[in-house]
Structure formats: structure tokens, C-alpha cells
Amino acid sequence: MGLPSHTVENGSVLVDSGQSRLRELGYKQELKRDLSVFSNFAFSFSIISVLTGITTLYNTGLTFGGPISLVYGWFIAGGFTMFVGLSMAEICSSYPTSGGLYYWSARLAGRNWAPFASWLTGWFNIVGQWAVTTSVDFSLAQLIQVIILLSTGGKNGGGYEASKYVVIAFHGAILSMHAIINSLPISVLSFFGQLAAVWNLLGVVLLMILIPSVATERASAKFVFTHFNTDNGEGINSKVYIFVLGLLMSQYTLTGYDASAHMTEETKNADKNGPKGIISAIGISIIFGWGYLLGITFAVTDIPYLLSEDNDAGGYAIAEIFYLAFKNRYGSGVGGIICLGVIGIAIFFCGMSSVTSNSRMVYAFSRDGAMPLSSLWHKVNKQEVPINAVWLSAFISFCMALTSLGSLVAFQAMVSIATIGLYIAYALPIFFRVSLARKSFVPGPFNLGRYGVVVGWIAVLWVATISVLFSLPVAYPVTSETLNYTPVAVGGLLVITVSWWIVSARHWFTGPITNI
């Protein structure tokens, strides 16, 4: 039997179905419940942000497999991501709370396992989210660096190349702006979130039509749909291996849709609208992302040159594609630089929404006493915003980016937690749903019926698969510079989390704490 989905009448006052479900779960309504289903969708959609993920990691897709990895790998990653999203949406409908994943794990793992399950899921989720914010805002800082480089003449024209210290300063400034915006009331944030979604949609449509139209040289359909680039310069010759590494771009892009779950305590009728937010954000991102990939790839004619650090954009492939398209047709690359600005604004919105999602997770996790100084982080101000959690998230994301000053290899390891760490947090509650809670799970208004268990197992197996695949070496021979530090970073997080549990947390963390 499913849970009721209607708006509940309490005396003469209509009580929101999400709010009444929250009370049933044992929580007071502390945050302002003001978001529509579109606003909920907008936060997840602008965190997925195909303009952000594809632009940032297009080099990876181009290096490992080229057009075939980009065009077909997108649908493979997208299809399996939808299985993960459907399973999460079903659980979200039953448990619409800001805690999201870690709360779900606690409810689904059974009484004996609940504290440890929610502890493990919560820390993978929160650190994964911080890593997402770090990587998104750092990629914006890098893009600003490239825009300045091209605006001052390009690498071959004596353009200004910002040092790593200037890039980290950009990163700090961007994070500060995001923290300030996230300190505003949820109604203002909702407006920015909706603007972000519209900007991403229009930006994709504009660029996928404009760039191939302006380009004087275009790739053939045969090249876009059949060319497989094996010339990666990394000593990898196996086509299957190359294709798998090329999938990283797609899978990195399609993350962050747990934001819809973290915003449920601020969403009207969240038991229905939270799941709608998750599924629609993934589905629309898959469609628009593919269009963007096709449009850009039709402007690709010389892969080695686009990836060369000696081109005007310093090896930033999409920036070089945009710049050359306009320069070859009009004699000036200014139009391409403006197009990069469109992407820059989309990345800014992506980071903004990411901080929003981070702060709600910190708020919920500290409300349940899981974090050091918990009482400080779950305080809300007069506008019902968890302001301390907002600034903590921005500060930690800045600290994580400082690793880039020491080594970009270390920074890449940090960013890898954004994909693998986050997906492990997605998979844990789904695994408990299809195993320990297979018979006891009570679905909400949105449910998959008899297909729930099958879809859940497919989701869990996909996450297990990508966790292995993205831990493989990305270059041979393997040296300290070419080693893939993903398993080190994710394994380190696992060791720290479990050790903390064994030594200390098991004595005092009992899982989610109700406050009614």
C-alpha cells in the first residue's frame, strides 16, 4: 500500500502533503516551504548543467575515443543514470526530507544497521557534494583564465596567462559570491534557480545551432557518428578501454540531481514534486546535452590541434573551437569569447545551486548530530536560511581547491570524489531498498510498482561498475604523475569514515534524530 499524496485538510487549514509527511517522519517544519515543482527541478537541472560538465571535460571525451565516445557514450551513461534517478525518486517520494540519502539509508537498513548506514551514506554524500562545488567553481576560474588569455591575444599572440595563484584567487571570489547569494531568502534563491534553468536551456540551444553554423569548416556526419580516436598519446591502445575512459565526461556531467531531494523540506507537495524534479532534471539534461555535444562535435575537424597546448586557448578544446569558428569567418574571435561568457554564466549558476544543495545537506546532517559543532551548523536565521551551513560549505570547497597549488594530480583526485563518492552515496540507500528493505519498504505516491527492485539492482550494479572503471589507470606507463588517484581518494574517505565510526561515532551517533 502506498502513502497518501493529497493535500491534507487539518480542521479548516490545508496542510501541504510534504509537510504532513515530514511530521509523520518526526521533523518540525523549520525551513520555508515555498518552492514549486519547477523550482525544485531547476536546482537539480542547473547543478547537472550540461554546459558545465560537457565544456569542462570535453577534452577527456575527445582524447579517449573522440566522437564515438561523446555521441554514444552520452546515451549509455544517460540511460543507466536514469535507472539510478528512478530508484532515488521512488525513495524520495516515501521520505521527503532535507537529509535525503543518509536519512533514506537509516530507514531502509533496519534498526541494527541504521546508525552505521546513515553515517557512511551521509559522509560520502556531503564530501561528494563539497567536491562537486570545488570542481565546478574551479572550472569556472579556469574558464575565466582562458577568456582573459584569448581576450589579450591568445597563447600565440602574447596573451596573459594567469598563474595558479590568480586562478585560486578567482575561485575564492566566486565561492564568496555564491555564499552571499545563498544567504538570501529562499524566494530570491528560487528566482535565481529558475533563471539558471532557463539560461542553461537557452544557452544549449543557442550554442548547438550557432557554433556549427558559424564554423567555416565542418565535420562530416560520417566523422561525427563513426570516427573513433585512438590517438590519445597515453599509451592506451585497447578500443574498449579507451571508450570506457571517454565515458567519464558523460558520467561526471550527470551528477548532482540529489539536490531535488535536499530541497524537499522547502518544496510544496514534496512527496510528489521531489521525484518529478529528479526524473525531469535527468531526462531533459540527456536530451539537451546530446544536442549540445552534436553541435560542438560538428565543428571539430582537427582533434590533435584542439588538444594541443600550443593552440591559442592553451589546449582548452571547446574554447579553441569557439574562438576559431568566429576568427576564421569574421577575422576576429570576439564572438567565440562571448559564447564562452554564456557558458561561464551557466557554470556560475551551477556552482550557486551546488552550494544551496550542500548547505541543506549540512543543515540536515548536523540537525541529527553527525558533524563536529553540529549545533552551530543547523541554525537558521530570520529568513529561515541555514546561513552557517552555507558559509561552511563555501569555506570547505575553497580548502579542497587549495590542493591545486601543490599538484593538479592531487586536485584531480579530489574531484574524482565528486563522481565516484557521490554515486556511492546514491547507491547505498538503493541497495538497502532492494535488499534489507525489499519487503518492508512502503512506497510513496510516486513508485515503480513491481519493477522497483529490478530497476534498483540495475542502478546498484551500474554504480559498482563505474566505481571500478573510473579507478583504472588513464595513462601508461603508470608513474606518480600519471597514476589515477581516484581509488586512493575514495578509499581514503572510506577508511577515515569507518575508522571514525569504530573509534568514536558508534558510541554517540544513533542515526537521524526526530525533533517533534
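Modeller: A crossing is called left-handed if the near helix is turned anticlockwise from the far one by less than a right angle, and right-handed if it is turned clockwise. The model discussed here is a predicted one.

Biologist: What is the handedness of the crossing of α6 and α19?

Modeller: The crossing of α6 and α19 is left-handed. The axes of α6 and helix α19 (residues 408-434) come within 7 Å and cross at roughly 145°. Sorted by class, their contact holds 18 nonpolar, 7 polar and no charged residues.

Biologist: Which handedness is found where α14 passes α15?

Modeller: There the crossing is right-handed. Helix α14 (residues 317-330) packs against helix α15 (residues 334-367) at about 145°, and their axes are 7 Å apart. From α14, the residues Ile 318, Ala 319, Phe 322, Tyr 323 and Phe 326 take part, and they meet Gly 335, Gly 336, Ile 337, Cys 339, Leu 340 and Ile 343 of α15. By class, this contact has 9 nonpolar, 2 polar and no charged residues.

Biologist: Why is α4 described as roughly perpendicular to α5?

Modeller: Helix α4 (residues 67-94) and helix α5 (residues 101-108) pack at an angle of about 75°, with 10 Å between their axes. The term covers angles from 65 to 115 degrees, and therefore α4 counts as roughly perpendicular to α5. Met 88, Ile 91 and Cys 92 of α4 make the contact with Leu 101, Trp 104 and Leu 108 of α5. The residues of this contact divide into 6 nonpolar, no polar and no charged.

Biologist: What does Trp 104 touch, leaving aside its neighbours within four places in sequence?

Modeller: Trp 104 is in contact with Met 88, Ile 91, Cys 92, Tyr 95, Ala 261 and Pro 429. Trp 104 also belongs to the largest nonpolar core, which has 156 residues; together with Tyr 58, Val 84, Tyr 292 and Phe 322, it is among those that touch the most other members. Helix α6 (residues 114-151) supplies the largest share of this core, 18 residues. A second, separate core has 5 residues, including Leu 175, Ala 179, Val 390 and Ala 394.

Biologist: Why is Ser 49 called buried?

Modeller: The cut-off for buried is under 20% relative accessible area. Ser 49 has 1%, and it is therefore buried. Ser 49 lies in the loop between α2 (37-48) and α3 (50-63). Its phi is near 35°, a positive value in a residue other than glycine.

Biologist: How do you know that Asn 269 is buried?

Modeller: The relative accessible area of Asn 269 is 19%. Because buried means under 20%, Asn 269 is placed in that class. Asn 269 is in the loop between α11 (259-262) and α12 (270-297), and phi of Asn 269 is near 45°, again a positive value in a residue other than glycine.

Biologist: What makes Lys 379 count as partly exposed?

Modeller: Lys 379 stands at 48% relative accessibility, so it counts as partly exposed. Lys 379 is in the loop between α16 (374-377) and α17 (387-401). Leaving aside its neighbours within four places in sequence, Lys 379 is in contact with Val 385, Pro 386, Ile 387 and Asn 388. Lys 379 and Ala 389 are 10 residues apart in sequence, and their C-alpha atoms are 8.0 Å apart in space.

Notes: Residues numbered from 1 in each chain as written. Predicted model: local features only at pLDDT ≥ 70, side-chain atom pairs only at ≥ 80, totals over all residues. Heavy atoms only, no water. Core = buried A, V, L, I, M, F, W, Y, C linked by side-chain atoms within 4.5 Å. Buried < 20%, exposed > 50% of the residue type's maximum accessible area, 1.4 Å probe, protein only. Helix = DSSP H or I, 4+ residues; strand = E, 2+ residues; numbered from the N terminus. Contact = heavy atoms within 4.5 Å. Axes fitted to C-alpha atoms, helices over the stretch in contact; angles between N-to-C directions. Parallel < 35°, antiparallel > 145°, perpendicular 65-115°, else oblique. Nonpolar A, V, L, I, M, F, W, Y, C, P; charged D, E, K, R; others polar.
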